[in-house]
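The following exercises concern the structure shown below.

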Amino acid sequence: MSANSPAFSPFIVGIGGTARQNSTSERAVGAALRAAEKLGATTQLFDGEFVSRLPLYIPDRSIRTDDEREFIAAVRNCHGVIVGTPGYHGSLSGPVKNVLDLLEDTVKDERPYLDGRAFGCVVTAYGWQACGTTLVSLRMIAHALRAWPTPFGAALNASTPLFETNGTCIDEKISQQLRVVAAQVVDFARWHHAGASHSRE
């Protein structure tokens, strides 16, 4: 099924960024979500400021903050996610890992974690080596969460400026990478929805 099909509007959640406002990773996720919207998706972004203010994930804590509950509710209702992280010391950032750890709260759901949902990977780092190792780490986490990492993962070398102050991507090749990630997440969401609908008939 084509990602351009208007028959079903998937809900895509964007996750990522750093505590620094308008970080490269946050802008990259935002650009990917805008591309998804152009394909007919609805989106919600949990940006760098959001993920950075979450408390450290503690499995046995019985009370969750409003932010934690909002995030879990959105993920439970989503049809796919686009996750962006900076590459820190060869892997993803602590705040992004922490917010993904929170998905353990869904372990007893009928669809635990990100079961049956596409997982778009976006990595930014000051060098290609960190881009590669971080992308591998993000894909491994996607598999552990029972998600389907998209065939294409966007790796952005942030050693030079990539975005205008308004969030517009300067480099057309980078913009195309983010559009590919978005299209694959939306496409998979529609394909999975169509298959689920067919099985119920």
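Contact means heavy atoms within 4.5 Å. The model is predicted, so that local features require pLDDT of at least 70 and side-chain atom pairs pLDDT 80 or more, whereas totals for chains, interfaces and linings use all residues. Residues are numbered from 1 along each chain as its sequence is written, and side-chain values use heavy atoms, with hydrogens and water left out.

**Exercise 1. Surroundings of Arg27**

Determine which residues Arg27 touches, not counting residues up to four places away in sequence, and which side chain of opposite charge is nearest.

Solution. 
1. Arg27 belongs to helix H1; helices (H or I, at least four residues) and strands (E, at least two) are DSSP runs numbered from the N terminus.
2. With that sequence exclusion, Arg27 touches Asn22, Phe163, Glu164, Thr165 and Gly167.
3. A polar contact is a pair of N or O atoms within 3.5 Å; within protein, one must be able to donate a hydrogen and the other to accept it, and residues adjacent in sequence count only if both atoms are side-chain atoms. The Arg27 side chain reaches the backbone oxygen of Asn22 at 3.3 Å, and one of its polar atoms lies 3.3 Å from the backbone oxygen of Glu164.
4. A salt bridge places a side-chain nitrogen of Lys or Arg within 4 Å of a carboxyl oxygen of Asp or Glu. For charge, Lys and Arg count as positive and Asp and Glu as negative, while His and the chain ends are not counted. Arg27 is buried yet has no salt bridge, and the nearest side chain of opposite charge is Glu26, 7.0 Å away.

**Exercise 2. Helix H1**

Solution. 
1. Buried means under 20% relative accessible area, exposed over 50%, and partly exposed in between (1.4 Å probe, protein chains only).
2. Just after H1, Gly40 adopts a positive phi of about 100°.

**Exercise 3. Aromatic pairs**

Classify the ring geometry of Phe46 with Phe71.

Solution. 
1. Rings of Phe, Tyr and Trp (its six-membered ring) pair if their centres lie within 6.5 Å; planes under 30 degrees apart are stacked, over 60 edge-to-face, and the rest tilted. The structure holds 4 aromatic pairs.
2. Phe46 and Phe71 have centres 5.2 Å apart and planes at 85°, an edge-to-face pair.
3. This pair links distant parts of the chain, with Phe46 in strand E2 (residues 42-46) and Phe71 in helix H3 (residues 66-77), 25 residues apart.
4. Phe46 counts as buried at 2% relative accessibility, as does Phe71 at 0%.
5. Phe46, Phe50 and Phe71 form one aromatic cluster.

**Exercise 4. Salt bridges**

Which parts does the pair of Asp67 and Arg53 tie together?

Solution. 
1. The structure holds 7 salt bridges. In the one between Asp67 and Arg53, the closest N and O atoms are 2.5 Å apart.
2. Asp67 lies in helix H3 and Arg53 in helix H2 (residues 48-53), so the pair ties together parts 14 residues apart in sequence.
3. Arg53 counts as partly exposed, at 40% relative accessibility.
4. Glu49, Arg53 and Asp67 are linked in a network of salt bridges.
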